Amino acid sequence: MKLPFAANLSLDTLSERDRRMLLIGGALIVLLLLYVIIQLDSSVSSAHKRIKKKQDDLTWIQTAAPELAADGGMMSAPSGESLLVIVDRSARESGLGTALAGSEPAGPGGLSVRLQKASFDSLISWLARLSQQNGVRVDSASIDTAGTPGLVNAAIVLHMG
C-alpha cells in the first residue's frame, strides 16, 4: 500500500525556499534539544548539591542527637537547671519578668532571648549576674532604645559557659 504523502520525497525535489526552511527548522530543533539537555543537567547538578547538603546536615544531627537528648536540648548549669529555666527565673528575680517578650533555642546550648521596654540598668545587672553565678556568656546582643529614657528593647543570644 502506497501512502499519498510519502511519494517521492527528497531534498532534491524540494524548492530552494522549502529546503532552506527545512534546514533552518532542523537547526532550531537541534538547538532547542541542546538547551533542554543543558537545563536538565543543571537541574540534576543542583539536586545533587541539595541532597549532599541534607546528608551532611543529617550526619551532624545524628552525631549531636545523643548530646542534645541527654541535655533536654539545652545545656545545664552545675545546679542541673536548663539554661531556659535559669534565664526565666533570674530575669524575674531581677525585675525583668514583664520585659521578657520571648525566647527560643539558638543552637546547641544556646538561647535567644527578646526583651521589650526593659530597664537598661536592670538588664546589665542581670547579664552580669548570669555570668558570675551561672557561667552564662553573652554571644551576641542587639540593644535599641525603646523610646523612653532608660528603657531598651534587646535581642540577646546566651550560651552556657
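Analyst: The questions below set values from this predicted model against the cut-offs behind each label.

User: Why is the contact of Lys 52 with Asp 56 called a salt bridge?

Analyst: The closest N and O atoms of Lys 52 and Asp 56 are 3.0 Å apart, and a salt bridge requires a side-chain nitrogen of Lys or Arg within 4 Å of a carboxyl oxygen of Asp or Glu, so the pair carries that name. Lys 52 and Asp 56 are four residues apart in helix α1, which separates them by about one helical turn.

User: What makes Asp 56 count as buried, partly exposed or exposed?

Analyst: Asp 56 has a relative accessible area of 39%; buried means under 20% and exposed means over 50%, so Asp 56 is partly exposed. Lys 52, with a value of 47%, is also partly exposed.

User: How do you know that Glu 16 and Arg 20 form a salt bridge?

Analyst: Their closest N and O atoms are 3.9 Å apart, and because the cut-off is within 4 Å, the pair qualifies. Both residues lie in helix α1, which spans residues 16-71.

User: Which parts does the salt bridge of Arg 129 and Glu 93 tie together?

Analyst: The side chains of Arg 129 and Glu 93 meet at 2.9 Å, N to O. Arg 129 lies in helix α3 and Glu 93 in helix α2, so the pair ties together parts that are 36 residues apart in sequence.

Key: Residues are numbered from 1 along each chain as its sequence is written. This is a predicted model: local features need pLDDT of at least 70, side-chain atom pairs count only at pLDDT 80 or more; totals for chains, interfaces and linings use all residues. Side-chain values use heavy atoms; hydrogens and water are left out. Helices (H or I, at least four residues) and strands (E, at least two) are DSSP runs, numbered from the N terminus. Buried means under 20% relative accessible area, exposed over 50%, partly exposed in between (1.4 Å probe, protein chains only).
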